[in-house]
Structure formats: C-alpha cells, structure tokens
Amino acid sequence: MIIGANPAENHPISFKWLLQAQENGGKIISVDPRFTRTSSKADMYGALRSGTDIAFIGGLFNYVIENNLYHKEYVAKYTNASFLVHPDFDFEDGLFTGYDEAKRSYDRATWVFQRDAEGKILKDETLTNERTVFQLMKKHYSRYDVDSVIAVTGTDKESYLKIAQTFGATGHPDKTGTIMYAMGTTQHTVGSQNVRSYAMLQLLLGNVGRPGGGINALRGESNVQGSTDFALLSHILPGYLGVPTASAKHATLKDYIENETPKSGYWVNKPKFIVSLLKAFYGPNATPENEFGYHYLSKGNKNYSHISMFEAMYNNEIKGLFAFGQNPVVGGPNAGKEQAALANLDWLVAVDLWETETAAFWTKEAGMNPADIKTEVFLLPAAASFEKEGTVSNSGRWMQYRWKAIDSKGEAKADLEIIHSLATRIKKLYAGDTSAKALPINALYWNFGHGDHPDIDLVAREINGYDTVTGKLVANFTKLMDDGSTASGNWIYSGFYPEDGKNLSKRRDNKDTGMGNYLNWSFSWPVNRRILYNRASANYNGQPWAKGKEVIWWDDLKQEWAGYDVPDFLKTKAPSAAGGMDPFIMLADGVGSLFGALNEGPFPEHYEPYESPIPNAFSSQEFNPTIKVWTGKRNDKGGIDKYPIVATTYRVTEHWQSGAQSRNQEWLSELVSDMFVEMSEELAKEKGIKNKDKIIVTSARGSIEAYAMVTKRFKPYTIRDKQIHQVGMPWHFGFKGFVTGAIANHLTPHIGDANTMIPEFKAFLCDVRRAD
Amino acid sequence: MEYIKYIDVTKCDGCRACMVACKNWNDLPAEFEEFHGSYQSHKKTTANTWNVLTFTEHVTADNQFEWLYRHSSCLHCTDAACEKVCPENAISYTEYGSVVINADQCVGCGYCVQNCTFDIIELATKKDENGKEYKVAQKCTLCTDRIAEGLQPACATVCHTDAIMFGEKDKMLKLASERLNQVKERYPNANIYNPPGVGGTHTVYLLAERPSVYDLPENPETSYTAKLWKDVAQPAGKLLLGASVMGVVGAYLSNRLFNKEVDESSLNEGGKDDEQK
C-alpha cells in the first residue's frame with residue numbers, strides 16, 4: 001500500500017521493484033488525493049482528501065478488528081495489546097486525559113500501564129479485559145466505521161472496502177504487506193501520528209519484522225536516511241541520541257545519562273554511545289574528569305527546527321545563516337516570509353551547485369531592491385554527488401560507498417572539504433584564546449589530515465570507532481565503552497569498518513544470500529542487519545510463521561538463532577528464555593507499541609489540517625490540539641469564506657526539489673517547463689477556467705500565477721453532502737534557471753507537526769480564479 | 001540480424017528517462033514548447049526531439065479511468081514511405097531493421113516529412129560553416145550507431161521498468177505475444193501494434209487500448225503513390241530520362257505526395273533547388 005507517496009514519479013527506481021512484485025502476483029494499492037503516475041500502475045486506487053490519513057487508517061484498524069483479520073498470536077505477545085492501561089486514562093471529544101489548554105500540551109501521568117507490587121506490567125493475553133490496550137484501541141476506533149471515515153476522507157466506498165479487504169488480508173500469517181510513505185504523509189500538522197498510524201496497522205496485521213512487511217519511508221533525497229542518522233536535525237546527536245537541553249535534567253553528563261537512559265531494552269547501553277561520541281568530538285580533551293567534554297556541547301531550550309529558525313530570523317534574532325544545498329526561498333514554507341527573513345541577516349553563505357533563488361534573494365529578479373539589502377551574501381560553489389566520494393545511506397539503511405566519477409569544475413568543492421576548511425580555519429582563528437566561547441572550539445578534536453583536503457578514510461574510521469589507547473578499530477558497537485577507552489562518531493554505524501582494509505560499505509557482492517537478502521552488498525546498520533526486529537518473523541517457538549516467509553529461526557541443536565539475516569536479537573537467547581518472545585529490543589517493554597505516546601496522545605486521532613474546508617466530524621477539536629500556533633506578522637490563517645479550496649504541493653519526476661539542479665539542466669527543463677496547477681474538470685467549470693488558462697491562486701500568505709491543468713485525475717470530494725474541491729501544484733519553480741515559474745510556497749503556511757515541526761505543505765486552503 | 005524495439009506500454013510509468021537519454025546520446029538541443037495543458041512536453045516528435053512520451057487520459061467503456069503513456073518515436077517500417085519517396089536515396093534500411101537518414105545525402109526537400117505514415121520525421125534547420133542555413137531531415141535512428149557497437153538503443157538502456165526492450169526480432173515478437181495474454185485481464189483491448197500495411201515495423205508496441213486511443217492509425221498503409229514513386233517512377237526517371245525530365249514525369253505523383261498537408265503552391269518550395277538559392 002502506497003499512501004502519501006508517489007514512487008513512480010518521485011522514487012522511480014524503487015518503482016521498478018514494485019512492478020516486478022506485481023508481476024509476481026503482488027497487488028499495489030495507491031492512496032492519494034490525486035490520481036498519479038503511481039496510481040496509473042496500481043491495482044487499486046483510493047482517493048483521500050489531503051490531511052485525512054488518520055481517518056483512513058483508523059477505519060482500517062476498525063475494519064481489521066471487526067472482521068477478525070488481525071494476526072492474533074502476533075498481537076497478543078509481540079505488541080503491548082495485552083497491557084492494562086492506567087484506570088484513569090480516558091478519551092473524550094478529541095482529547096485524551098491530561099490536556100492543558102493553556103500550554104497546548106498533555107500531562108501524561110495516566111498514559112501508563114498498570115503494574116504489580118514488583119513493578120511488572122499487568123497483562124491479559126486473552127485481550128478481553130476492558131483496560132487492555134487492545135480493548136481501548138478497539139473502542140477508540142469503533143468511531144471510525146467505514147461510513148464515518150469516508151464522510152471525512154471523501155473516498156469512494158467501494159474502493160475503500162476493496163482496499164480494506166486486500167490489505168487486511170495480509171493479517172494472515174501466510175501473507176505480508178508493506179506500507180510505503182513519503183512527504184505526503186509527514187508534511188502535516190499530524191505528520192508524526194500519520195506515520196505512527198501506519199506502524200500500528202502493521203503491528204495489528206503482524207507485518208513488522210517480517211519479509212515483505214514493515215513501513216518504508218521513501219526519503220526525499222538519496223541520503224536523507226544518512227543525514228538523519230548523522231543528526232542533520234536540531235534535536236538529535238549522531239545515532240539518535242537526544243540533544244542535551246538547557247535544563248536541570250541535562251545539567252551534567254551524569255544527569256543526562258540518568259535521565260535519558262531507559263531501565264530496560266537495548267538503550268540501556270546509551271552511556272557507552274554518548275561517551276564514545278564525546279571522545280570522537282573531543283579526543284584527548286575528553287576525560288573522565290571533565291565529563292568527557294559534555295559541558296562543551298551547546299545547550300538551549302527552544303525549538304530549533306526550520307520554521308522556528310526562520311521566525312527567529314524574521315524577528316532579527318539570528319545574524320548569520322549557512323544554507324548548504326538548501327533553497328528556502330523556493331522550498332521553505334511561507335517562502336515569501338522566509339525570503340524577507342533573509343534580509344534581516346548580516347550574512348548568508350549559500351553553498352550550492354548554482355546560484356539559487358536563496359543566494360539571489362536580494363536581487364531585482366527576486367522582487368527586492370538591492371540597495372535596501374544589507375545582508376552580505378557569499379556563494380560557495382559545491383561539488384555534485386558524482387564529483388566527490390563518500391557514502392550515501394538508503395532507506396533500507398544500506399550505507400553504500402560511492403567513488404568520484406569526474407572532477408569538479410572551477411573552484412567547486414565537496415561539502416566535506418568546505419566543512420574541513422572552515423573547521424581548520426576557525427580553530428586557527430581561536431588558537432591561544434582562553435575565553436569561554438573559544439574553549440569548545442579549541443577542545444574540538446579535528447584530526448582528518450593536513451591541508452584543505454581531508455582524508456575521508458580517517459573520517460570513516462572515526463565513525464566506526466576505535467580504541468582510544470591503541471587506535472585499533474572496534475569490531476562494532478558492542479565493544480564501545482563508557483569509560484573513555486573507545487571513541488565512535490556514530491554508534492549505529494559502528495561495525496561498517498571493523499578492521500583495517502575492510503570498509504564494508506564498499507562491498508558489491510551481488511549474490512542473493514537467501515530470501516532476497518544480499519548480505520555481502522554494502523553494509524546495513526545496525527551490524528549489517530537487513531530487517532529490523534526480525535525476531536518477529538518467527539513464532540513463539542522461534543520458527544518462521546509461514547513457509548516462504550523465513551528470515552531467522554531458532555536452531556535447537558546449536559542453541560542459537562540461524563537464518564538469512566543477522567538476528568536482531570541476542571543470538572543465544574532461546575524463545576523459552578526470559579524475554580525470548582520480546583522482539584522489539586530497542587523498546588523498554590520489548591514489544592511493539594499499539595499504545596505509545598507522541599505529544600498528541602497514545603492513539604492517533606483525526607484532526608483536520610490547520611486550514612480545513614470543513615469542521616472536524618470526529619470531535620470539536622478542529623486541529624491538532626498540541627501544535628504550536630505561530631502568531632505575529634505574515635502568519636495569517638485562511639478560512640473557507642475566502643479560501644474554500646484544499647491545496648497540496650508535490651514533485652514531478654522531471655524536476656528535483658526546489659529545481660536548483662533540474663531547472664539548470666535543459667533536457668529536464670524542457671520536459672516540465674511551466675508552473676501549473678492541477679484541478680478537476682468540475683472545479684474548472686465552476687470557475688470558468690479552461691485548460692491552459694493562466695490562473696491566479698491565492699492563500700492567506702500570498703498569490704501566484706500559473707497555468708491551469710484541467711484533468712480527470714482530480715475529482716471533487718463529496719463530504720457530508722458538501723462538494724469540496726482540491727487542487728495540487730509542483731513546488732519546483734522559481735526565478736532562476738532555464739525555466740522559471742511562480743513559487744508554490746508563497747502559498748503555504750508556517751505551521752508544523754506537534755512532535756517534529758515538519759511544515760504542513762500538504763494541506764492548506766486557497767482560492768483560484770482566471771488571471772484575466 | 002534484424003532487431004526490434006519492443007515497447008510494452010503497460011510497463012511504462014511515464015518517467016521520460018527515454019527522452020533525456022535520447023537527447024543525451026544524440027546530442028540534441030532542448031526545445032521548449034508552449035504549455036500543452038497536460039504532462040506532455042512536446043506535441044509530437046520533431047527533428048530535434050526524436051521521441052516524445054504521450055500522456056492520454058482515457059475513460060474505458062466500463063467507466064474505468066486510465067492514464068496511458070506511449071513512447072512515440074520512429075516505427076522503422078519495413079515498407080517505409082520515407083525511404084520510398086526520398087529523391088536522393090538519402091534514406092535507407094540497415095541490416096538491423098532500422099531506417100536511417102544519411103545527412104550528407106539529404107537535401108532537405110521534405111518529401112519524407114510529408115509522407116511519413118506516422119508523422120514522425122521533421123526537418124531540422126542547421127547552419128553550414130559559412131553561417132548559411134540549410135535543412136536536413138532527422139528522426140530516431142534506433143541508435144544504429146550503438147547497435148553497430150553491440151549496444152542497445154539509449155532509450156532501452158535507461159528504461160528502468162523494461163517497458164522498452166530491444167532484441168532479436170523473433171524473440172521480441174514472442175515476448176510481446178506472451179505478455180499480451182498476461183495483460184488482457186486488466187486491459188481487455190490490449191493489442192500488439194505491428195501493422196502489416198507498412199510491412200511490419202521495427203518499433204513494435206504492446207498497447208493497452210486501441211491504437212486510435214494513442215493517436216496511432218488503426219490500419220496504416222504505405223501509400224500507393226509512395227510505392228509507385230520509389231518502385232516505378234524514380235528508377236525509371238533516373239535510369240531513362242535524366243533528373244531534369246524526371247521532375248516533369250513525377251509531377252502528378254509529387255502532387256499526390258504533398259497532398260497531405262501542404263497546398264500546391266508550396267510544391268515550388270523546398271527541395272534541392274530551393275536549398276541552393
């Protein structure tokens with residue numbers, strides 16, 4: 001099931017394999033507001049109004065439970081379905097227990113399990129006790145019956161039932177099904193809960209940890225997985241260690257470790273990972289006496305994600321910005337505001353292949369008066385991916401080494417070289433300085449060779465980790481220590497370079513090592529494991545659930561786990577041993593969380609997008625009660641009086657992100673050379689718009705001009721007897737390059753998810769009219 | 001060895017890598033056309049855009065919606081009208097089954113353009129070393145230069161779904177007929193497009209719908225006049241009467257040849273004489 005993704009257009013090489021699966025008898029389901037190139041190849045298509053994924057999936061929970069399609073044994077023991085929830089936990093009119101309206105957040109005191117005197121969680125594996133997670137979930141989603149759901153999503157009933165039946169059938173132990181998603185899922189004010197709802201559906205159907213199962217994030221760029229793993233986000237350090245904050249619980253390394261290390265599950269090893277990371281950061285300057293340099297880490301107490309940073313820039317709170325391969329003047333939400341924010345900077349460094357709209361934000365073609373702009377702009381030419389070497393990690397967590405194909409032109413440099421040059425120069429600048437601000441810079445251990453070109457092999461060795469005394473590479477993260485005797489730049493990757501001359505990311509052995517695994521091709525973190533939580537691929541006795549679905553199994557003679565993959569489990573822990581049936585080793589309880597808290601609550605609940613065309617049918621909470629609502633200038637919210645039409649943005653096969661790469665390439669530019677807005681024939685008729693007409697699209701943030709593309713691939717939704725229109729448009733265009741066009745993000749709002757602050761690009765309100 | 005480019009449109013996901021690969025290999029310039037109101041970038045093939053992916057929104061008889069794609073390029077007919085009407089013998093068949101234009105022999109008369117059964121060939125405007133403009137007919141070569149080196153056509157090489165396959169004629173035709181049975185359930189109107197009226201083609205389609213849905217003629221034939229020109233008038237003219245008289249003899253025929261789009265007055269334009277003005 002492909003929902004919130006369009007792989008035929010945005011991940012075409014993945015689609016090659018999907019079509020092969022289809023040849024082998026697999027069924028492809030496409031769920032999307034618009035009939036896409038993916039939908040055209042799918043076996044079935046379901047339309048859903050943008051921003052109604054939770055209703056759609058909640059309806060599937062209901063269907064799967066009511067029709068007894070869930071994988072009963074799996075649910076009973078491999079998830080927390082049997083756990084008894086706190087007696088006071090409740091849900092009413094869109095809110096879970098503990099909501100604080102003033103803070104727009106929850107007190108989670110009742111979002112916990114009942115425990116006995118020894119602290120053990122109370123369970124009922126018959127799943128009949130009304131306080132079990134299963135019964136609470138069943139009750140919660142009993143409201144999501146098919147008719148109620150389609151009255152929100154706008155899906156045609158016959159299609160919905162066909163999809164429910166088809167995907168629901170994967171709950172049988174003989175079958176598995178996977179869910180593929182992308183930014184159509186995540187870029188919502190309920191983005192995290194959208195993803196979580198998919199994960200819960202897969203737990204219900206017993207599709208996690210099994211071959212052909214799981215939920216698969218289709219990343220927005222080829223190395224999004226790698227960059228996330230390496231903490232290109234504001235709230236994590238490499239390897240998903242939380243960033244310490246300016247708070248009492250993180251005041252010292254001891255406090256951080258005490259408050260951030262769970263009492264059970266694999267994360268009990270966290271102290272080893274954070275200390276080894278600090279040793280990688282600060283080298284010999286990290287000692288047990290100075291808490292391994294922990295105090296050098298900057299600590300704040302704000303949100304530092306994209307929207308927050310641009311709001312701060314707009315409010316003159318930030319002086320400088322490095323934009324590495326990023327083009328917010330085109331790609332940022334509320335891009336007009338973000339462009340204005342750049343003018344408040346003292347300096348901007350744009351690192352890119354071309355002069356992007358961001359680098360040129362101050363020019364006349366950008367609509368600015370250069371004389372009014374005081375921002376000093378530096379443009380550093382960057383090398384393209386094939387002009388440098390290094391690794392790219394795909395969404396299967398395969399870390400694949402790539403070699404340089406050609407030299408860069410002119411002065412273009414790899415990002416690594418640019419960072420290296422900056423680091424060595426900044427360190428030189430602060431050498432001998434003993435002021436407070438200089439200390440972390442001087443303590444930074446930057447030892448990647450001499451000159452401006454860093455030795456990438458030294459970087460790779462540091463990531464893997466080494467013994468700080470002997471310098472010898474460690475075998476993998478199980479060898480990392482919390483006493484400073486090891487360093488590792490990213491514990492989850494530790495093991496990709498276990499000994500000299502063995503950088504496993506360079507492996508290219510194309511042999512199927514069983515069940516479609518290619519264990520000797522590249523390296524998959526952690527420890528070359530291809531399917532996470534693969535203990536769940538075997539039943540209670542440690543045997544595969546079904547023939548043809550084997551991953552790992554318990555070998556009773558050898559008393560160890562054997563199979564086609566690296567076991568995601570202690571190799572010698574028998575199914576009958578304590579915890580032998582707890583596959584989800586990274587979670588404290590060892591089982592999958594049907595009940596698991598995000599900021600909105602333990603069960604995903606449908607809320608309308610921030611800008612919605614219709615009142616919420618499920619509760620009086622119109623939009624996510626825990627999102628941060630930005631106030632101040634240029635944060636207007638559009639209502640249906642002026643903006644009755646739902647809009648979404650997307651990408652097309654032929655262009656790449658903000659177009660910085662593709663609009664500077666003629667052969668791609670000619671394929672999609674104009675900014676367009678897709679709309680249904682019905683809406684076009686209503687508005688007197690003909691195909692190819694120039695139209696104006698307006699939202700509470702701005703207005704743009706584009707061509708109308710009138711198509712049968714968009715249909716109006718009939719929602720509670722009301723006809724609701726939706727339009728869609730690519731966000732690839734800007735004012736630089738061979739082909740130019742209006743910037744779609746002049747329309748999108750500064751509003752984000754309650755957990756991640758990912759912007760709601762995919763559902764907002766607008767109006768359309770003919771340009772003349 | 002006779003080869004076929006076999007295009008299974010039911011496997012195509014419309015990515016258009018074939019269009020980029022073609023331009024890349026053949027070093028063809030981008031052509032920016034006006035907005036066509038759909039995902040289609042070019043109305044049809046041109047002298048510098050040798051293949052165009054067509055996008056068709058189609059509602060079937062039982063009210064099913066289909067979005068159909070077709071890699072449109074030269075079909076490399078066995079009885080190619082272009083080859084037959086070319087007064088300079090600039091167009092020829094190769095041993096691989098491809099129909100190719102010799103740019104050095106081509107005088108840009110446009111007969112081939114007017115007579116192409118599938119409206120594929122067009123004239124490119126180029127400049128000689130003195131900056132003088134001249135015309136030359138251009139179209140897909142089936143990557144004959146690549147085939148000669150043992151390579152597949154560029155479009156087939158990049159097609160990630162194997163919607164474009166290239167291989168020995170019999171093998172490809174067998175693949176197509178096997179595939180036809182597989183896709184009939186989803187596409188009851190599916191058919192193999194290898195029209196006998198042009199002697200069969202070396203670009204063979206497995207279409208999901210009737211040819212007309214894809215703007216292809218249902219039963220195309222190499223025109224009688226084109227055959228007559230090539231097989232009777234031209235050899236007769238060249239052999240017996242000399243080129244200057246040939247024009248007179250061929251007047252009736254050429255009139256017919258140009259009937260397709262241009263009026264009679266344009267008969268006086270184009271061709272070698274015009275070219276050398």
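**Ground rules.** I number residues from 1 along each chain as its sequence is written, and chains are lettered from A, with ligands numbered from 1, in the order in which they are written. Since the model is predicted, local features need pLDDT of at least 70 and side-chain atom pairs count only at pLDDT 80 or more, while totals for chains, interfaces and linings use all residues.

**Entry 1: chain B at a glance.** Helices (H or I, at least four residues) and strands (E, at least two) are DSSP runs, numbered from the N terminus. Of the 277 residues in chain B, 44% are buried. Buried here is 20 or more other C-beta atoms within 10 Å of a residue's own, exposed is 12 or fewer, and partly exposed lies in between, with C-beta atoms placed from the backbone. I also looked at contacts in chain B with a separation of 6 or more: residues 24 or more positions apart account for 62% of them. Two residues are in contact if their C-beta atoms, placed from the backbone, lie within 7 Å.

**Entry 2: where B meets A.** I found 22 residues of chain B in contact with 29 residues of chain A. On the chain B side, helix H1 (17–26) and strand S3 (65–72) each supply at least two residues. H1(B) gives the largest share, four residues. By class, that side of chain B holds eight nonpolar, seven polar and seven charged residues. For these classes, Ala, Val, Leu, Ile, Met, Phe, Trp, Tyr, Cys and Pro count as nonpolar, Asp, Glu, Lys and Arg as charged, and the others, Gly among them, as polar.

**Entry 3: two domains in chain B.** Chain B splits into domain 1 (3–76 + 142–214) and domain 2 (81–139 + 223–275); the bounds come from an automatic or database domain assignment. Their contact takes 17 residues from domain 1 of chain B and 15 residues from domain 2 of chain B. On the domain 1 side, strand S1 (3–8) and helix H4 (144–148) of chain B each supply at least two residues. That side has nine nonpolar, six polar and two charged residues.

**Entry 4: the cores.** A nonpolar core is a set of buried Ala, Val, Leu, Ile, Met, Phe, Trp, Tyr and Cys residues joined through C-beta atoms within 7 Å. Which members of the largest core touch the most other members? Among its 159 residues they are A:Tyr181, B:Val9, B:Cys82 and B:Cys112. Helix H4 (residues 53–66) of chain A brings the largest share of this core, eight residues. I then followed B:Cys82: leaving aside neighbours within four places in sequence, its contacts are B:Ile91, B:Val99, B:Cys112, B:Asn115, B:Cys116 and B:Ile121. A second, separate core has 58 residues, including A:Trp362 and A:Met757.

**Entry 5: helix H13 of chain A.** This helix (residues 270–282) has 13 residues and reaches 18 Å from its first C-alpha to its last, close to the 18 Å expected; the expected span is 1.5 Å times one less than the number of residues. Is H13(A) mostly covered or mostly open? It is mostly covered, with 12 of its 13 residues buried, among them A:Phe273, A:Lys279 and A:Tyr282. Its cover includes helix H12 (253–260) and helix H19 (456–464) of chain A. Just after H13(A), A:Gly283 takes a positive phi of about 55°.
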